Amino acid sequence: MIRKYSVKELLNKEKFFIDKKVLVEGWIRSFRHSIFISLNDGSTIQNIQIILSNKLDKNIVKKITIGSSIRVIGIVKKSIGIKQYIELESVDITIYESVETKIIQKSILQPKKHSLEKLREQAHLRFRTNIFSCIMRIRHHIAFGIHKYFHKHGFFYIHTPIITTLNCEGTGKMFQITTMDLKKNKPIDYEKDFFKCKTYLSVSGQLEAETASLGLGKVYTFGPVFRAENSNTSRHLSEFWMIEPEIAFYHLEENINLAENFLKFIIKYIVDNSMEDLIFLNQCLEKWNQKKKNSLLEKLELILKFPFKKISYTEAIRILDQEEKKKKIRFLHPIIWGMDLQSEHEQYLVDKYFKIPVIIFDYPCSIKAFYMRMNHDGKTVRAMDILFPEIGEIIGGSQREERYDILLQRMKDTNTDKNKLWWYLDTRRFGSVPHSGFGLGFDRLVQFITGMNNIRDVIPFPRVPNNAEF
Ligand code: 4AD
Ligand code: MG
């Protein structure tokens, strides 16, 4: 039996394989001079060069076209070419499927420059392009790094439900789910619906994660969440992935330190494990955005280099107000204490003023969710948002309100249905403790690390308003 290897395995141990007979499988990226095939199998950005044997059946040679899937048995040889150290001298080639040249010409597999929009239209094929396969490999490593970090720090991975009856964030629209024919069943009686009540796709697993943390200590969720906001921006998805750690006996300061430490670990992990793909993306970004050399790598290094800037919401408002008074900037939205910070304000603080990630804490209670812990001033809550260059808000979190009476009052004030949340309130009666957590937008982190301008280019099949194709 001849052993099968991935292209990555072969190229990682080039010297070891010289003169050995191996089997590789993949898709043809290019075919030159009727003799050189570049083969890629997705395991790495690099291709392996195959040298066709002159004994190969002419009918097989005819079928060797770009995009075709093949199996090659060959002998590894030291290459005479300068582009690669090894190549594979074919002994036997099997074509799984030969792609017709005229089909390829219409697809994004045709080796020429395609826009990212065009790639999105053929999302089922874009895994075969260098750019998208790079992003997907990095996306995998980020997810793996996240699990690694939490496992190392004693967290348990909790699967929270996707189907829910409540909107834990209180803002924005949710996707309703039902098995009823809403046209026929008027007036709508949700007692007759599948779950005997009105249900939705969840916007967050936090409330359930809180209950888990109040028994297991340190937990995290990592799953898809759904938001039906009509936001057509480069940073919003209708279906995205969120990581939500929740920690018992943690105060806001510990929560902030955890979030910073965690983000730095992930970025370091990618710099250490995905350099080949980062270098390729870096080159693409230089070409597209005419950015200076190594800008992506420098951007990532900058995150690791300095402590994040930590300021209160009140301090942020003071800075923005002063900058406007000094005529350094003119914002579209006027600066008033109590307002929700708009992206123009966040961008100014991060990209212009501090030039490093900024953590803003103690936001006005009027703009934050009911579950955040009230401060002594009665006006602000123990919230924290982490703002990143280019991306804006990447993390939102808080210390949770653990005091039963105050939580109940906040529910009343924010029109939150306490009957649906009886179990959540109950946790404040059975050994309640200070606890905190946060939510990291996974796709936004992938966007930041890969430097992509649009969040739709870092998730395999983006769901956004007006588009659920594939
Ligand atoms: O700030 P958010 O809404 O926080 C929560 O949902 C809390 N329950 C988290 C917690 O404390 N456990 O969302 C958290 C993060 C945001 O900071 C942002 O990075 C990301 O989720 N996010 C989105 N990412 C992509 N598309 C969207 N539509 C997003 N909305 C939020
Ligand atoms: Mg938020």
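**View 1. The cavity count in this predicted model comes to one at 30 Å³ or more.** The model is predicted, not experimental. About 30 Å³ of space lies in the largest cavity. Empty space of this kind shows up when a probe the size of a water molecule is rolled over the atoms.

**View 2. Seven names make up the lining of the largest cavity: T164, L166, C168, S202, S204, L207 and E208.** By residue class, the lining splits into three nonpolar, three polar and one charged. L166, C168 and L207 are the nonpolar members. T164, S202 and S204 are the polar ones. E208 supplies the charge class.

**View 3. F249 has a positive phi without being a glycine.** The angle is about 65°. F249 sits in the loop that links strand 11 (239-248) to helix 8 (252-273). Is this phenylalanine buried or exposed? F249 is exposed, at a relative accessible area of 56%. The cut-off for that label is over 50%, so F249 qualifies.

**View 4. N415 also carries a positive phi, and N415 is a residue other than glycine.** Here phi is near 55°. N415 belongs to the loop between helix 13 (404-413) and helix 14 (422-426). The relative accessible area of N415 is 73%, which makes this residue exposed. The label again rests on the cut-off of over 50%.

Definitions and conventions:
Residues are numbered from 1 along each chain as its sequence is written. Chains are lettered from A and ligands numbered from 1 in the order in which they are written. This is a predicted model: local features need pLDDT of at least 70, side-chain atom pairs count only at pLDDT 80 or more; totals for chains, interfaces and linings use all residues. Side-chain values use heavy atoms; hydrogens and water are left out. Helices (H or I, at least four residues) and strands (E, at least two) are DSSP runs, numbered from the N terminus. Buried means under 20% relative accessible area, exposed over 50%, partly exposed in between (1.4 Å probe, protein chains only). On a 1 Å grid over the protein atoms alone, a cavity is a set of points where a 1.4 Å probe fits but cannot get out, and a pocket is an open set with protein on both sides within 12 Å along at least five of seven lines; lining residues have an atom within 4 Å of a point. Grid points are joined across faces, edges and corners, and a volume is the space filled by probe spheres set on the points.
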